[in-house]
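Please look through the sequence and the model below before reading on. The report that comes after them is written for a reader who is new to protein structures.

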Amino acid sequence: MVEIEAFIQTYPHISIIILAALVSLFITIVNYFILDKEKMRDIKAKQKELQKQITEHRKAGNTEKMMELNSEFMKHSMDMMKHSFKPLLITFIPIILFFSFIRNSFLATSLAKTWFWWYLGTAIASSIVFRKLFKLP
């Protein structure tokens, strides 16, 4: 643990990039094993089709049909949210504990005020890459 603290103090930018990528990898791996990927892909495909139909009916001025399709779209969105909530429950506590460690570790570095933005940018970028690599929806 002392070596990690020393590395963070010496190389704060590299440290936050590595830590953010590791957290993103952890979340992606949990999603990979917990999510029903086929069901998520089916829901996304249905949503895409519904979005097309909603746009067509909006252009045609058929608001009644558009509202009906929008309601169905929202049902699919709720279903997708239910499925993605399971991995969140598993990763929430470890991530919160990890954030406490990160915050305390970066207080004495040059990133004391901006570590979160470095973390967020790296996490978003690495999450996109890992989701593509693991073929997650």
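## Basis of the report

This is a predicted model, in which local features need pLDDT of at least 70, side-chain atom pairs count only at pLDDT 80 or more, and totals for chains, interfaces and linings use all residues. Residues are numbered from 1 along each chain as its sequence is written, and side-chain values use heavy atoms, with hydrogens and water left out.

## Aromatic pairs

A pair of aromatic rings is described by the distance of the centres and the angle of the planes. Rings of Phe, Tyr and Trp (its six-membered ring) pair if their centres lie within 6.5 Å, and planes under 30 degrees apart count as stacked, over 60 as edge-to-face and the rest as tilted. By this rule there are eight aromatic pairs. In one of them, Y32 and F33 have ring centres 5.2 Å apart and planes at 85°, so this pair is edge-to-face. Buried means under 20% relative accessible area, exposed over 50% and partly exposed in between, with a 1.4 Å probe and protein chains only. Y32 is partly exposed at 31%, whereas F33 is exposed at 63%.

The rings of F99 and W115 have centres 5.9 Å apart and planes at 55°, so the pair is tilted. Because F99 lies in helix 4 (residues 63-106) and W115 in helix 5 (residues 115-133), the pair ties together parts that are 16 residues apart in sequence. Helices here are DSSP runs (H or I, at least four residues), numbered from the N terminus. W115 is buried, with a relative accessible area of 10%, and ring pairs link F99, W115, F116, W117 and Y119 into a cluster.

## A charge over a ring

K37 lies over the face of Y32, at 4.4 Å from the ring centre; a charge sits over a ring if NZ of Lys or CZ of Arg is within 6 Å of the ring centre and within 35 degrees of the ring normal.

## The segment after helix 5

K135 lies in the segment after helix 5 and is exposed, with a relative accessible area of 60%. Although K135 and Y32 are 103 residues apart in sequence, they are 8.6 Å apart in space, C-alpha to C-alpha. Not counting residues up to four places away in sequence, K135 touches K37 and R41, where contact means heavy atoms within 4.5 Å.

Conventions:
Helix = DSSP H or I, 4+ residues; strand = E, 2+ residues; numbered from the N terminus.
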